[in-house]
Structure formats: C-alpha cells, structure tokens
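Here's a quick look at one protein model, from its surface down to a single pair of side chains. Have the structure open as you read.

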Amino acid sequence: MNYYVYIISTKRKKKKIFYTGYTNNLNKRISLHNSGKGAKFTRGNFWKLVYKKKFIKKKEALIYEHFLKKNRLFKYKLVKKKK
C-alpha cells in the first residue's frame with residue numbers, strides 16, 4: 001500500500017495558510033477537506049494540493065510528516081520550489 005504526505009493551501013483573510021497531513025488515499029482525503037469533513041482546522045475553506053510525496057511504508061510517511069510540521073521554514077521553501 002502507498003502512503004502520501006501532502007501539503008494543501010488556502011487563503012484566509014488575505015493570508016496563505018498551509019496544512020500538512022498523510023493518507024493512503026490522496027484524492028479522497030482532499031475531497032474530505034473540501035467538503036468540511038476533514039480535519040477541524042481545514043473546515044470551511046477550499047483547499048488546493050500544493051505538494052505530495054509518495055512512501056511505501058506508513059512509518060516513513062509519518063516520520064516525514066512530523067519533520068515537515070516541525071520545520072516550517074523548510075516546508076515553505078519546499079512549497080515555493082514546487083511552483
């Protein structure tokens with residue numbers, strides 16, 4: 001089974017907001033975020049996928065997700081680089 005670490009983005013009050021997560025079904029997860037049934041933080045906004053990385057093992061995906069959440073500067077540079 002494949003796992004994905006992803007970063008989604010939206011605008012709130014003219015400010016760009018990012019959310020980082022992991023899943024084994026990327027399309028379904030983004031649909032949940034956009035339908036208001038995803039994480040509480042993401043409710044009420046339209047989210048756009050800005051970055052994804054595929055992993056074979058769940059543990060590796062969780063480690064990378066944690067790394068991105070703890071290293072904001074790296075995450076923002078990564079998103080900016082992907083554009």
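## Surface and burial

The protein has an accessible surface of about 6100 Å², and carbon and sulfur atoms account for 54% of that (areas by the Shrake-Rupley method with a 1.4 Å probe; for residues, only the protein chains shown count as cover). As for burial, 37% of the 83 residues count as buried, meaning under 20% relative accessible area, with exposed being over 50% and partly exposed in between.

Keep in mind that this is a predicted model: local features need pLDDT of at least 70, side-chain atom pairs count only at pLDDT 80 or more, and totals for chains, interfaces and linings use all residues. Residues are numbered from 1 along each chain as its sequence is written, and side-chain values use heavy atoms, leaving out hydrogens and water.

## Overall fold

Going from the N terminus, the elements run β-β-α-β-α-α, which comes to three helices and three strands (DSSP runs numbered from the N terminus: helices are H or I, at least four residues; strands are E, at least two). The C-alpha trace spans about 35 × 30 × 20 Å along its principal axes.

Contacts here mean heavy atoms within 4.5 Å. Of those between residues at least 6 apart in sequence, 53% join residues at least 24 apart.

## The salt bridge

There's one salt bridge, defined as a side-chain nitrogen of Lys or Arg within 4 Å of a carboxyl oxygen of Asp or Glu. Glu65 pairs with Lys69, with the closest N and O atoms 3.1 Å apart.

Both sit in helix α2 (residues 58–70), four residues apart, so about one helical turn separates Glu65 and Lys69. Glu65 is buried at 11% relative accessibility, while Lys69 is partly exposed at 42%.

Technical notes
Buried means under 20% relative accessible area, exposed over 50%, partly exposed in between (1.4 Å probe, protein chains only).
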